[in-house]
Amino acid sequence: MNELLLTDKNIIWHPFTPLLGATDPLLITSAEGIYLHTHDGRKIMDAVSSWWVNIHGHSNKEIAQALAQQASTLEHVIFAGFTHEPAITLAKNLMTILPSNQAKIFFSDNGSTAVEVGLKMAFQYWHNQDIKKRKVIALDGAYHGDTFGSMSVGERGMFTDPFAPYLFDVSFIDFPTADNQQAVLAQFKNLLATNEVGAFIFEPLVQGAGGMRMYAPEFLDVLIREAQAHDVICIADEVFTGFGRTGKLFASHHLQQQPDILAISKGITGGTLALGVTSCSQKIVAAFTSSAFDKTFFHGHSYTANPIACAAANASFRLLTRESCREQIDMITREHASFRDKVKGHKNVKAARSLGTILSIELNTAEGSSYANALRKTIYPYFLERNILLRPLGNTIYVLPPYVITAKELHLIYDAIGAFLESVGV
Ligand SMILES: *Cc1c(COP(=O)(O)O)cnc(C)c1O
């Protein structure tokens with residue numbers, strides 16, 4: 001075995017990876033555009049944007065340059081009592097694309113912390129006003145991250161079982177489908193009627209880790225309108241859906257209503273460095289605007305608003321707002337939709353969905369759909385052997401490419417999926 005891989009095996013613990021029985025990791029030496037290059041000469045298509053973060057392709061020269069320049073100018077500075085141009089420019093840039101009611105930007109360093117900050121802002125919003133609205137509503141099947149607050153508001157199951165005694169209470173409503181909307185609305189209204197609900201958190205339009213499940217913007221609008229009518233803080237977790245994933249810059253732009261708080265991360269730096277952002281409306285800001293020291297938001301991370309990460313985010317923003325990127329997103333949206341319609345009736349397909357640059361194909365299975373579904377053990381190696389990285393969520397195959405992918409490359413992926421569908425006897 002390669003010496004690096006041997007060292008890896010001995011001393012590194014990989015995320016979401018069993019210590020026994022997992023296949024050895026692939027050693028990547030470089031990456032360019034949508035391709036990952038392995039140490040032994042393979043070239044693998046990154047069809048999942050490296051866990052959904054990479055939007056402009058790997059080793060993008062413009063981002064690399066901005067990042068290198070920032071590293072030799074100002075690499076980092078404490079963000080309490082100090083500030084810097086890259087963070088200010090990024091905040092200004094984000095304001096031009098976030099929902100128009102957003103008033104302030106709070107920095108952290110990943111999606112889970114962006115969600116934690118959003119929850120803490122909402123909880124302290126009520127605390128600062130001495131109002132006891134402590135209930136939280138979330139959706140069944142939600143994923144909001146791996147820290148305790150974000151686990152608390154996420155689907156309870158295998159991932160969270162060891163921590164269940166330490167998670168706070170949350171009321172979950174059913175995931176809305178075409179058939180259950182009236183029932184879900186009734187559950188929601190019953191909870192709101194207690195007047196004890198302080199916050200409602202949701203992944204707008206698409207539940208990512210929950211299986212790339214999609215629901216109607218019109219219905220989310222109904223829920224947000226009801227919640228806000230009861231003075232409930234609405235938190236949109238756009239960690240996954242932000243920066244063009246759903247075809248628009250944010251999933252919230254598919255809505256009529258505006259959330260009070262947004263959490264964003266994944267695509268923000270184009271997939272180069274860790275950065276999280278929580279934005280909020282003036283309503284939230286007002287509850288913290290006080291000369292009373294104890295109403296301060298006492299939260300911060302060592303690397304808050306790291307200048308190199310902010311510079312990378314600004315470079316990524318310039319690429320994202322370019323016409324050519326818009327055209328790419330539109331092209332992927334069209335191609336995904338037409339492949340979705342093509343496979344929809346296949347005997348092995350339970351459901352095919354697409355929204356913007358997200359395509360998901362849920363396979364029929366006797367076992368029932370879940371992350372632990374055994375089909376994942378067939379799907380992952382099948383595509384990897386064909387040099388395509390598709391990391392299924394159980395029996396759900398999803399394609400989530402960097403926006404620089406070509407139509408031709410997309411068709412190679414679709415063809416491989418088509419061949420796979422023919423090969424499985426489920
Ligand atoms: C990935 C994800 C998170 C967590 O982000 P990390 O950077 O992995 O901590 C939170 N919410 C959603 C919707 C996500 O997809």
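Q: At what angle do H4 and H10 pack, and how far apart are their axes?
A: About 35°, with the axes 8 Å apart. Axes here are lines fitted to C-alpha atoms over the stretch in contact, and angles run from 0 to 180 degrees between N-to-C directions. Helices are DSSP runs (H or I, at least four residues), numbered from the N terminus.

Q: What kind of model is this?
A: A predicted one: local features need pLDDT of at least 70, side-chain atom pairs count only at pLDDT 80 or more, and totals for chains, interfaces and linings use all residues. Residues are numbered from 1 along each chain as its sequence is written, and side-chain values use heavy atoms, with hydrogens and water left out.

Q: Back to the helices: left-handed or right-handed crossing?
A: H4 passes H10 in a left-handed crossing, meaning the near helix is turned anticlockwise from the far one by less than a right angle.

Q: Which residues make the contact?
A: With contact as heavy atoms within 4.5 Å, H4 brings Pro-86, Ala-87, Thr-89, Leu-90, Asn-93, Thr-96 and Ile-97. From H10 come Pro-307, Cys-310, Ala-311, Ala-313, Asn-314 and Phe-317.

Q: New topic. How many cavities of 30 Å³ or more are there?
A: One, from a search of the whole structure. A cavity is a set of points on a 1 Å grid over the protein atoms alone where a 1.4 Å probe fits but cannot get out; lining residues have an atom within 4 Å of a point.

Q: What lines the largest cavity?
A: Leu-90, Leu-94, Phe-243, Ile-268, Ala-313, Ser-316, Phe-317 and Leu-320.

Q: And which helix gives the most?
A: H10, with four residues.

How values were computed
1 Å grid on protein atoms, 1.4 Å probe; cavity = no way out; pocket = protein on both sides within 12 Å on 5 of 7 lines; lining within 4 Å. Points joined across faces, edges and corners; volume = space filled by probe spheres on them. Helix = DSSP H or I, 4+ residues; strand = E, 2+ residues; numbered from the N terminus.
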